[in-house]
Amino acid sequence: MPKNGANISLTSYDDIFSTEESRQTEQIQQIPIADLHPFKNHPFKVLDDEAMQRTVESVAQFGVLAPLIVRPREEGGYEIISGHRRQHAAELAGLTTLPVIVRDMDDNQAIINMVDSNLQRESILPSERAFAYKMKLEAIKNQGARSDLTSAQLGPKLTAAEKVALDSDDSKSQVKRFIRLTHLIPELLDLVDQKKVSFNPAVELSYLADSEQRDFLEAMQDTQNAPSLSQAQRIKKLSQEGKCSYDAIFDIMGEEKKAEQDRVTIKNDVLRKYFPRSYTPKQMEDTIIKLLEQWQKKRQRSQER
């Protein structure tokens, strides 16, 4: 029998989008896993990583303590609103049924609840946040005027972007910048998730046409350089002027950045050949400085002679 207090990582998101009154009247049902289906165009990835393995082990030992939130599907079964990771972990753990709470929701409300529940996660990829914000923004717009979109009883109504920002840790402008990432081709967006292209340059590059983005990827690979913000802005300007070609992008990406001009880098595996394995990076640095000081003094003595 599951123990109370265990499986902390599976804390329910139920409180996010239900009232106390509704929770008291709702019943938890045991539903076959085969009847549970992922949310359509679910923007959040369910990965078989170390965190998932820990969740699987927890579920195998204690069960799923927090019920999933689902809604009925017209074609049969249920669509998961909250609990995709728990559902996947339960499958891997060999469970055949899961505790769920069934709620009737229209498409827009389902999207809003799905996004809000997943945004509570500690680690979210830029691509996940981008498509989640976009889905929620469109859902709020589809809902039209609502009384809960006012900042006060007689105050001005919030825009859809302001409403998305209100429920997140990002400002309205940052929400819009994240949504810009959805204009990136998948290969480029993957590089943003992998932190090979920084967020701010990626936003600028999102204004390029798909063909220009592919030219950029090729130029980035050929030059072996990641874009700085200023480089991305210049490439964006070329696109706006109709002058964005592979050659033009290559010229910009091939430029040596000032920070690189002022920096000498020696790879760790090169240095390690000259030091005992027990040496820390700080000890290696101190030794190199001492040797350079001795070399400089020797050169000065030679010049004085």
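Which residue in β5 is the bridge partner of Ile-31? Select Leu-98 and you have found the partner. Keep in mind as you click around that this is a predicted model.

Now widen the selection to the strands themselves. β1 and β5 (residues 97-102) run antiparallel to each other, paired over four bridges. Bring in the rest and you get an open sheet of five strands, ordered β1-β5-β3-β4-β2, with mixed pairing. Look at the edges: β1 (29-32) and β2 (36-37) sit there with a single partner strand each, so one side of each has no neighbour in the sheet.

Next, pick residues 84-93. This is helix α3, which packs on the sheet and touches β2, β3 (68-72), β4 (78-82) and β5. The direction of α3 makes about 120 degrees with that of β4. Then go to residues 107-118 for helix α4, also packed on the sheet, where the contacts are with β3 and β4. Here the angle to the direction of β4 is about 45 degrees.

Last stop: helix α12, residues 246-253. Show side chains for Ala-248, Ile-249, Ile-252 and Met-253, the buried residues of this helix. They lie on the same side of α12 because they span an arc of only 130 degrees around the axis.

Technical notes:
Residues are numbered from 1 along each chain as its sequence is written. This is a predicted model: local features need pLDDT of at least 70, side-chain atom pairs count only at pLDDT 80 or more; totals for chains, interfaces and linings use all residues. Side-chain values use heavy atoms; hydrogens and water are left out. Buried means under 20% relative accessible area, exposed over 50%, partly exposed in between (1.4 Å probe, protein chains only). Helices (H or I, at least four residues) and strands (E, at least two) are DSSP runs, numbered from the N terminus. The arc is that of the directions from the helix axis to the C-beta atoms. Two strands pair if DSSP finds at least two bridges between them. Contact means heavy atoms within 4.5 Å. Axes are lines fitted to C-alpha atoms, for helices over the stretch in contact, and angles run from 0 to 180 degrees between N-to-C directions.
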